[in-house]
Amino acid sequence: NTMKYVAAYALLALSGKTEISASDVTTFLKDLGQEPDEKTVELVIKGLKGKPFHEAVNEGLSQVSSLSLGGGGSGGAAKNDEAVKEEEPEEEEEEEDVSMGGLFSGGSSD
């Protein structure tokens with residue numbers, strides 16, 4: 001799972017560190033009680049080296065936005081709502097003749 005390595009890199013970058021090394025990420029993770037895999041640390045550093053962090057994030061977001069993630073998940077919920085509406089006949093509330101003592105009639109009721 002490389003996410004914790006990327007997260008460590010991100011936190012170091014967001015703290016203001018501009019030149020992040022494998023040693024920085026390894027130390028950061030060890031300080032959090034993790035045992036980092038050196039190969040994974042090196043892969044993350046190699047992939048992000050020389051890029052400002054915000055640019056790497058923007059590149060990643062553009063790649064994520066181009067992914068097709070199935071999309072049709074919410075359509076089923078809408079169909080279910082329609083089915084429920086069809087099954088339940090609309091009940092009209094009977095209007096009750098409520099006397100408000102001429103409150104809204106504009107005339108006097110005295």
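Tutor: Start with one term. A residue is buried under 20% relative accessible area, exposed over 50%, and partly exposed in between. Keep in mind that this is a predicted model.

Student: Is K39 buried or exposed?
Tutor: K39 is found in helix α3. The cut-off for exposed is over 50%. The relative accessibility of K39 is 66%, so K39 counts as exposed.

Student: How many Å separate the C-alpha atoms of K39 and A22?
Tutor: Along the chain, K39 and A22 are 17 residues apart. A22 is one of the buried residues of α2.

Student: What helices and strands does the protein chain have?
Tutor: From the N terminus on, the elements run α-α-α-α-α. That gives a count of 5 helices and 0 strands.

Student: What percentage of the residues of the protein chain count as buried?
Tutor: The protein chain has 110 residues. Buried needs a relative accessible area under 20%. The share that counts as buried is 17%.

Student: Are α1 and α2 roughly parallel or roughly perpendicular to each other?
Tutor: Helix α1 covers residues 3–14 and helix α2 covers residues 22–31. They pack at an angle of about 105 degrees, with their axes 9 Å apart. Angles of 65 to 115 degrees count as roughly perpendicular. Therefore α1 and α2 are roughly perpendicular.

Student: How many nonpolar, polar and charged residues does the contact of α1 with α2 have?
Tutor: From α1, the contact uses K4, Y5, A8, Y9, L11 and L12. From α2, the contact uses D24, V25, F28 and L29. By class, the contact has 8 nonpolar, no polar and 2 charged residues.

Student: Which elements are included in what covers the buried residues of α2?
Tutor: The buried residues of α2 are A22, V25, T26 and L29. They cover an arc of only 100 degrees around the axis, so they lie on the same side of α2. What covers them includes α1 and α3.

Student: Why do residues three or four places apart in an α-helix point the same way?

Student: Which element gives the largest share of the largest nonpolar core?
Tutor: This core has 16 residues, and Y9, I20, V25, V41 and I45 touch the most other members. The elements that give two or more residues are α1, α2, α3 and α4 (53–65). The largest share is 6 residues, and it comes from α1.

Student: Which residues is I20 in contact with, leaving aside neighbours within four places in sequence?
Tutor: I20 is among the core residues that touch the most other members. With those neighbours left aside, its contacts are Y9, L12, A13, V25, I45 and K49.

Student: Is L12 buried or exposed?
Tutor: L12 is placed in helix α1. L12 touches K17, I20, D24, V25 and F28, not counting residues up to four places away in sequence. Its relative accessibility is 11%, so L12 counts as buried.

Student: Where is K17?
Tutor: K17 is partly exposed, with a relative accessible area of 34%. Leaving aside neighbours within four places in sequence, K17 is in contact with L12 and D24. Its place is in the loop between α1 and α2.

Student: Which residue just after α3 takes a positive phi?
Tutor: A positive phi also follows α2, where G33 has a value near 85 degrees. Just after α3, the phi is about 80 degrees, and the residue is G50.

Conventions: Residues are numbered from 1 along each chain as its sequence is written. This is a predicted model: local features need pLDDT of at least 70, side-chain atom pairs count only at pLDDT 80 or more; totals for chains, interfaces and linings use all residues. Side-chain values use heavy atoms; hydrogens and water are left out. Axes are lines fitted to C-alpha atoms, for helices over the stretch in contact, and angles run from 0 to 180 degrees between N-to-C directions. Helices (H or I, at least four residues) and strands (E, at least two) are DSSP runs, numbered from the N terminus. Angles under 35 degrees count as roughly parallel, over 145 as roughly antiparallel, 65 to 115 as roughly perpendicular and the rest as oblique. Contact means heavy atoms within 4.5 Å. Ala, Val, Leu, Ile, Met, Phe, Trp, Tyr, Cys and Pro count as nonpolar, Asp, Glu, Lys and Arg as charged, and the others, Gly among them, as polar. A nonpolar core is a set of buried Ala, Val, Leu, Ile, Met, Phe, Trp, Tyr and Cys residues joined through side-chain atoms within 4.5 Å. Buried means under 20% relative accessible area, exposed over 50%, partly exposed in between (1.4 Å probe, protein chains only). The arc is that of the directions from the helix axis to the C-beta atoms.
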